[in-house]
Amino acid sequence: MAKKSKKDLAKYHTQSTPNWCPGCGNFGIWVAVKNAIAELEIPAHKVVLVGDIGCSGKLPYWTDFNGFAGLHGRSIPIAEGIKMANDDLTVIVIAGDGGTLSEGLQHFIHACRRNVNITVVLHNNQLYGLTKGQASSTSEKGFVSSMTPEGSYETPLNPALLAVTSQASFVAAGFAGNTKHLTQMIKEGIDHEGFAFVDAYQPCVTYNYINTYEFYSKRSYELDDSYDPTDRRAAMDKVLEIDEGVKFPLGVLYQIKGQKTLADNVLHGKTSVAKANIDKISVNKLFGRK
Ligand SMILES: Cc1ncc(C[n+]2csc(CCOP(=O)(O)OP(=O)(O)O)c2C)c(N)n1
Ligand code: SF4
């Protein structure tokens, strides 16, 4: 596909500028989300970005797509509802590791196994950014914050491993400092028929002194064609590298195609709610009443 010109991409921008801290990794993800949608040529009115709460969750404010500001940890079920109501829409969740892997952890796991056709972009800055850098479920052991003055003693969750073991049908990782690659991951996630999870490593330049741009630049590497993302066991091994904290594979870590989505299972090929002719639906009949 031909590269989009700056003029093409401009139609997805708003006049306002994000108020993230200068240098925040959210900027790279913001660019990648917009570029992915532009390169896939999805009309802006057919896109819904569902923001969680946090620095990351504000991303939809600074795009020209439809947006929904969810509650902390609840953006995934909102996105599921939007997709089930109107499957013509491309629905993307924009959320932090705090909301997704603490407050909303159960939603994340069930969305994976339900295979709802949405894309979740995890802004993984390994802390709670908006509330001033407290340790989250993905913080490194020993991470000192206002809530963990002696250093976090909990073992961090591995989001990609959690997604693979929770039966997600698409799992990828990207880095906010490599927008070209991250754009490709988000494009592939959107194109995937089913639940797509993109773990985006996002330096928080204000509170995270461990997982910096330099940290990821030194430790991350792009998967090449010799890696087979359809092999689940190989994917498990690959994502376990992340646990060691010294290697961060970037790319499509796991993908299985052809699985039934939530809409396939629930709507049985029938139309989604937005397209249903509700004039002809008898509520009495639905409830088995005469
Ligand atoms: C249920 C609930 N718990 C706590 C809060 C307070 N709160 C607002 S933003 C935030 C931190 C968000 O962290 P994260 O989800 O990781 O996103 P980030 O700011 O790092 O992008 C918290 C704890 C809230 N709004 N709702
Ligand atoms: S606090 Fe961290 S995550 Fe939030 S805008 Fe600033 S650098 Fe970004």
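Reply: A residue counts as near a molecule if one of its heavy atoms lies within 4 Å of it. By that rule, the residues around ligand 2 are Trp-20, Cys-21, Cys-24, Cys-55, Asn-125, Gly-129, Gln-202, Cys-204, Val-205, Thr-206 and Tyr-207.

First, some ground rules. This is a predicted model, where local features need pLDDT of at least 70, side-chain atom pairs count only at pLDDT 80 or more, and totals for chains, interfaces and linings use all residues. Residues are numbered from 1 along each chain as its sequence is written, chains are lettered from A and ligands numbered from 1 in written order, and side-chain values use heavy atoms, without hydrogens or water.

Now sort the shell of ligand 2 by type. Seven residues are nonpolar, four are polar and none is charged. (Nonpolar means Ala, Val, Leu, Ile, Met, Phe, Trp, Tyr, Cys or Pro; charged means Asp, Glu, Lys or Arg; the others, Gly among them, are polar.)

Turn to ligand 1. It has 16 residues around it. Cys-55, Ser-56, Gly-98, Gly-99 and Gly-129 are the closest. The shell of ligand 1 holds five nonpolar, nine polar and two charged residues.

Which atoms of Ser-56 and ligand 1 lie 2.7 Å apart? They are a polar side-chain atom of Ser-56 and an oxygen atom of the ligand. Gly-98 uses its backbone: an N or O atom there lies 2.8 Å from an oxygen atom of ligand 1. Gly-99 likewise places a backbone N or O atom 2.8 Å from a ligand oxygen. Taken alone, ligand 1 exposes 590 Å², and the protein buries 73% of that. (Accessible areas come from the Shrake-Rupley method with a 1.4 Å probe.)

Which elements give two or more residues to this shell? They are helix H4 (97–103) and strand S5 (127–128). (Helices are DSSP runs of H or I with at least four residues, strands runs of E with at least two, numbered from the N terminus.) H4 gives the most, with four residues.

How values were computed. A polar contact is a pair of N or O atoms within 3.5 Å; within protein, one must be able to donate a hydrogen and the other to accept it, and residues adjacent in sequence count only if both atoms are side-chain atoms.
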